[in-house]
Structure formats: C-alpha cells, structure tokens
Amino acid sequence: MAFPVVRHRRLRGSQAMRNMVRENQVTVHDLVYPIFVTHGTNVKEQIPSMPGVYHFSLDTLEEELKEIVALGIQAVLLFGVPAYKDAVGKSASDDEEIVQQATRRIKSLYPELLVVADTCLCQFTDHGHCGVIHVDPVTDRATVDNDLSLEQLVKTAVSQARAGADVIAPSNMMDGFVHAIRTGLDEAGFEHVPIMSYSVKYASAFYGPFRDAAHSTPQFGDRKTYQMDPANVREAMREAESDVIEGADMLMVKPGLAYLDVVRMLKDSFDLPVVVYNVSAEYSMVKAAAEKGWINEQAIVLEMMTGFKRAGADMILTYFAKDVAKWLRG
Ligand code: PBG
C-alpha cells in the first residue's frame, strides 16, 4: 500500500496523537548526575569550561544534594580532587580521601540516592594516566602496566564500596578490570554491589573540559594504548564481550553523540542495561552555542537525550541532568 491510502501525517495531527504514538521517552529515572567533590570548606567553584558545573566541598555539597533529590534524580556519579597524588594513585583507595568521605556523607543524608563511584587512577596519579607506569630498564620507555594497575584499581573499588558506593563504575580501560574488581569486591563481602563498566571508552577529544575540571590531563603521552580508537566498532564488540564474560552488570559507551552506532550495537548484542556518557565537551559545546544565542538549549538538549534513548541507552550520564529533570516537569 502506498499514497494516497498511506498518509503518515495522520498520526502527527495533534499533540495527543503524537503523545500516543511516541516510541521513546526520556524520564528522570534515566538520568545520572556527575558531581565533582573537593577538599576544603565553603567551596563552590565553577569549572570555567563547563558553565553550571562546580567543584563542591562537603558542606556546599549538601545544598546541591537537596536540589538534586528534590528534582527526583536518583543517582549521582562522583569524581574527586584528592589532597595528594603519587606515582601509583594511592589516594584513590584512601578511605579518608574525598570521594570516600563524600560517599559516606551522601549515604548518611540520603540513603535512597544511589552513589556511583568512578573507579580510575588518572585523578590520583601525579602523571595523570589511568594506571601505574612501568619504565623499561633497557629502553627507558614508559608504559601503563596493565596488571600492576589492576591491583590499585581493585583496592580503589573495595574502598569505594566500603564507603557505601552503590555502584562501581570502572573507567580505566585496563584489560581484565571487570574480572579483577568483581573478584576483589566479592572477597571483601561486596558481592551485592554491581559493576557499571565503561566497556567501550574511546580515546576522545570530547573529554577536554573534564580533564581541566578533574586535573587529570596526562603529563606525557596520551591514552591511546588503553582507550579505543574512534575508528573501530568491531573492536568495541570484543571489549563489551569481555566485560560480559567477566561479570559486568551494565555496559557503558563513552562518549555519546559521536558513538550512537556503538550504543545500538551493544543494545542489540547483549541483554545487559546499556549506559551512555554524554561527556564534558558535548555539554560545553551546547553551553557555548546557547550563550551566544545560536541555539535553543532546552530543545537541543532534550533532542539529544531522546537520541540516546532511541539509540538504545537505558541510562544517561549527563551534566544536563538537573536541567533535564526541570524541563521534564514542564
Ligand atoms: C576518568 C574519566 C574521564 C572521564 C570520565 N572518567 C576522563 C578521561 O578518560 O580522560 C571523562 C568524562 C567527561 O569528559 O565528561 N578516566
């Protein structure tokens, strides 16, 4: 059957009709809001390249949490600026460091709010890499040592779980990190804590503003020996497959906008929930254009969120979470 019997516009004639046939819907339950925590008191410092995103000290964080909870947001993702950095990122697994402190504070104030802990070393190492560096004594070449890094990452995940993290989200892209962390969590009695794996994380220019915020720019080289080449998608399948076999509970794709094909592929290939990370530069670009008056921010952001859902995302990590929650309320 074709035109004139078929008329697609019949189902677009009114708002109510469009509402009835809508295939995908963004809800506040899809959203995870990333938060940056830092030492000190009375700190609420805007990140210059991310207008509307702040570093919070524990006291100012309380105000922010009140707003987040009131908006109906159910989950936050924590990033911390630690008091000290060293070669192996020991502050990542320090029970008294800022991420652990913030986790305890959040869970005591809002036990129902889910805390997702980003498990990585780049904010905690003095060289800014996501793992431990090994220098070859013969060639003097520095590389990120996979298996040594796993030990530190397991300690970090266990420390985060001990502080009360509800979800462990490893973003380091070492091989075998899901297996190592799952085993470590289980041995420490945290077998009930799920792993949201950054399964497919690309070596992307879209993390630029985040690295300013987290002070996590690598001091030498780049992350291309562990994060994925943006040109590859078959390899993304292998990465995700490993994580599934190793016991991941959720699979993440990062960044979002330029990688929606990968989101769709994981959704079709596995039966685990799929998460997309709408990363820092995706946020900053929209903010900058909106500030210039070139775009309608609300319409653009809601369209992006809908695009993530349509591509297959069950959850969206986004710096727009509070705005989206407000807009969804109308
Ligand atoms: C840590 C980490 C990064 C992001 C989240 N976790 C940065 C990186 O890999 O350089 C980026 C988040 C963003 O850009 O919003 N490894």
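**Briefing: annotated sites, ligand shell and core**

R223 counts as buried, because 21 C-beta neighbours lie inside 10 Å. Buried stands for 20 or more other C-beta atoms within 10 Å, exposed for 12 or fewer and partly exposed for anything in between, with C-beta atoms placed from the backbone. This is a predicted model, in which local features need pLDDT of at least 70 and side-chain atom pairs count only at pLDDT 80 or more, while totals for chains, interfaces and linings use all residues. Residues are numbered from 1 along each chain as its sequence is written.

**Annotated binding site**
- An unreviewed UniProt entry lists R211 and R223 under "binding site". UniProt positions follow the numbering used here, feature names are shortened, and annotations may be inferred rather than shown by experiment.
- R223 sits in the loop between α6 and α7 (234-246). Helices are DSSP runs of H or I with at least four residues, strands are runs of E with at least two, and both are numbered from the N terminus.
- Beyond residues up to four places away in sequence, R223 touches C130, A203 and P218. Contact here means C-beta atoms, placed from the backbone, within 7 Å.
- R211 belongs to helix α6 (residues 208-214). It is partly exposed, because 16 other C-beta atoms lie within 10 Å.
- Setting aside residues up to four places away in sequence, R211 touches S216 and T217.

**Annotated active site**
- From the unreviewed UniProt entry, "active site" is placed at K201 and K254. These residues span 54 residues in sequence, yet no two of their C-alpha atoms are more than 4.9 Å apart, so they gather at one spot.
- Strand β9 (residues 196-201) holds K201. K201 has 27 C-beta neighbours inside 10 Å, so this residue counts as buried.
- Leaving aside neighbours within four places in sequence, K201 is in contact with S171, M173, Q227, M228 and K254.
- K254 lies in strand β10 (residues 250-254). With 25 C-beta neighbours inside 10 Å, K254 also counts as buried.
- K254 touches Y198, K201, Y202, Y277 and V279, not counting residues up to four places away in sequence.

**Ligand shell**
- Around the ligand are D118, C120, C122, C130, S171, Y207, F210, R211, S216, V279 and S280.
- By class, the shell has six nonpolar, three polar and two charged residues. Ala, Val, Leu, Ile, Met, Phe, Trp, Tyr, Cys and Pro count as nonpolar, Asp, Glu, Lys and Arg as charged, and the others, Gly among them, as polar.

**Nonpolar core**
- The largest nonpolar core has 92 residues, and V32, V76, L78, V116, I168 and I181 have the most contacts inside it. Helix α4 (residues 146-163) contributes most to this core, with seven residues. Such a core joins buried Ala, Val, Leu, Ile, Met, Phe, Trp, Tyr and Cys residues through C-beta atoms within 7 Å.
- Apart from residues up to four places away in sequence, V76 touches V32, Y33, I35, I68, L113, V115 and V116.

**Two further residues**
- F36 is located in strand β1. It is buried, with 23 other C-beta atoms within 10 Å.
- F36 touches Y54, H55, F56, F79, V81, A213 and A214, again not counting residues up to four places away in sequence.
- H29 is in the loop between α1 (15-21) and β1 (31-38). It has 11 C-beta neighbours inside 10 Å and so counts as exposed.

Methods: Two residues are in contact if their C-beta atoms, placed from the backbone, lie within 7 Å. A residue is near a molecule or strand if its C-beta atom, placed from the backbone, lies within 6 Å of it.
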